[in-house]
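Colleague: I would like to learn how to read a protein model. Could you take me through one, feature by feature?

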Amino acid sequence: MYSFMMKLDEFDNDKVPKDEMQDVALSHEDQINLHSKKLQDDLQTMGMKIQVHEDNIRFLKTLKDKLVDSIIDLQVILDKHHASNTPKIENKDGSDTQSEDKASYQKEILQQENTAASILCHSKTNPKMLASDPTLSDDVLGVVAELGHVEDKNLSSLLSEYLGTETMLAIVCKTYNGVKSLEKYDTEGCINETSGLHGFGTSLGKTLEGRFNVISLETLRSYSGEFVANDPQRRLHIPKPRLPNGDCPAGFLGYAVNMIDIDRTHLFFLTASGYGLRETLFYSLFFCLQIYKTRTEMLQAVPFITDGALSLDGGIIKRSGLFCLGNRGDTKVTFSKTSIDLSLPDQYMESERQMKEMKWKEEKMLEDMRREQVLLDTLKLNFEKKKAEFVQFLAEAAARPQTPVGETSR
């Protein structure tokens, strides 16, 4: 995209004419003039480099402004679609099923008193509180349990048990900046109880107890393979396990990472590197965790299981060689049930895709502009230093006594 940018290595500071005999053959005045010319050449070269960076920044800003205009225009189209096609499923009494499901899983989180997830969930209902810390409100996506849905209640319970309550209540951030905003420290390394999530808890009359897990999406190992074609949920195209005869193991239903339905709100979310929630968050949580109908079928497929497996009747293999036995316990927090048709019109899907792509490009342009600005600031600083050196040199040269005309060195 930016092939227009001039390459700064075209300006080579080291290419200064040299004369191996100048120390012997050149007079004192000639040496002064030669050094003066070198300083002037250095200043000219640095000035040209400064011009290049200033041109680059102006060009990037023009591109960014055009992109922002396109984003605004597309957002208007999407908002109109949202207003006229808001999905809603009603019960017989006219109540909204989707709202009930959302309230249900939020209630599960809120019931985990004095946890980071509970305090975060409480704070979302207080816009003023979130506005007090823009980095936290902008960078934090939510809690693992609320970022995905599962169609089958039994499978939801199994997946939640597999992950454990601590992971289900883990807070998910876009970048490490979000992680830093959640908890801050004083000069002695102790937690500052008046800032971050601890400060929110204090404002709510709650005390954040114990440790809590936070996930930074930008630092996760992302899935880098292909996606299932024409799937609005962008499920991962992971090869199925195969027996020596080429068949799938009996009872194999699929991979856990593909049985999570991403909430519409985050379906088109992309990290700065261009990865979505499924290939970052849920892939890092489940990898290639396999799902089987029965425990018996799961155990028969053990030689073909690499990242663990679950069976719908309660069997759990955490990873190769680690089996979980005993009775199932109560899961305190689960994924909510998928209650709406998550398929979307092709035109809407394409608009959403374009929107996320343009926002990603905008972020990349901002990064390029910040990098160019740093280089420009450094060059300007060095230019001023070189300029001061040149002025001082001229002053010293002017103060030296002039050699009488006709006098030669002896």
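Modeller: We will go from the whole chain to single elements and residues.

Modeller: This is a predicted model, in which local features need pLDDT of at least 70 and side-chain atom pairs count only at pLDDT 80 or more, while totals for chains, interfaces and linings use all residues. Residues are numbered from 1 along each chain as its sequence is written, and side-chain values use heavy atoms, with hydrogens and water left out.

Colleague: How many helices and strands does the chain have?

Modeller: Helices (H or I, at least four residues) and strands (E, at least two) are DSSP runs, numbered from the N terminus. Here there are 13 helices and 11 strands.

Colleague: What share of the residues is buried?

Modeller: Buried means under 20% relative accessible area, exposed over 50%, and partly exposed in between, with a 1.4 Å probe and protein chains only. Of the 410 residues in this chain, 39% are buried.

Modeller: Accessible areas come from the Shrake-Rupley method with a 1.4 Å probe; for residues, only the protein chains shown count as cover. For the chain, the accessible surface is about 24200 Å², and carbon and sulfur atoms hold 52% of that.

Colleague: Which residues touch the most other members of the largest nonpolar core?

Modeller: A nonpolar core is a set of buried Ala, Val, Leu, Ile, Met, Phe, Trp, Tyr and Cys residues joined through side-chain atoms within 4.5 Å. The largest one has 66 residues, and those that touch the most other members are Val144, Leu159, Leu197, Leu281, Phe282, Phe286 and Phe335. Apart from this core lies another, of 8 residues, including Leu74 and Met358.

Colleague: What is Leu197 in contact with?

Modeller: Contact means heavy atoms within 4.5 Å. Leaving aside neighbours within four places in sequence, the contacts of Leu197 include Ala116, Ile171, Leu208 and Phe212.

Colleague: Why is helix α10 described as largely enclosed?

Modeller: Helix α10 (residues 196-203) has 6 of its 8 residues buried, so the rest of the structure largely encloses it. Leu197, His198 and Phe200 are among the buried ones. The cover over the buried residues of α10 includes α4 (116-123), β3 (171-173) and α9 (176-182). Just after α10, Gly205 has a positive phi of about 75°.

Colleague: Is Tyr176 buried, partly exposed or exposed?

Modeller: Tyr176, in helix α9, is partly exposed, with a relative accessible area of 45%. Leaving aside neighbours within four places in sequence, Tyr176 is in contact with Ser216 and Glu218. Its C-alpha atom is separated by 7.8 Å from that of Thr219, 43 residues apart along the chain.

Colleague: And Ser36, buried or exposed?

Modeller: Ser36 is buried, at a relative accessible area of 10%. This residue is in helix α2 (residues 28-84). Beyond neighbours within four places in sequence, Ser36 is in contact with Phe390, Phe393 and Leu394.

Colleague: What is the strand order in the open sheet of 3 strands?

Modeller: Strands of a sheet pair through backbone hydrogen bonds, either parallel or antiparallel. Two strands count as paired if DSSP finds at least two bridges between them. The order here is β6-β2-β11, with mixed pairing. At the edges stand β6 (261-262) and β11 (336-337), each with a single partner strand, so one side of each has no neighbour in the sheet. β2 (residues 148-150) and β6 pair in the antiparallel sense over 2 bridges, and Gly148 has Ile262 of β6 as its bridge partner.
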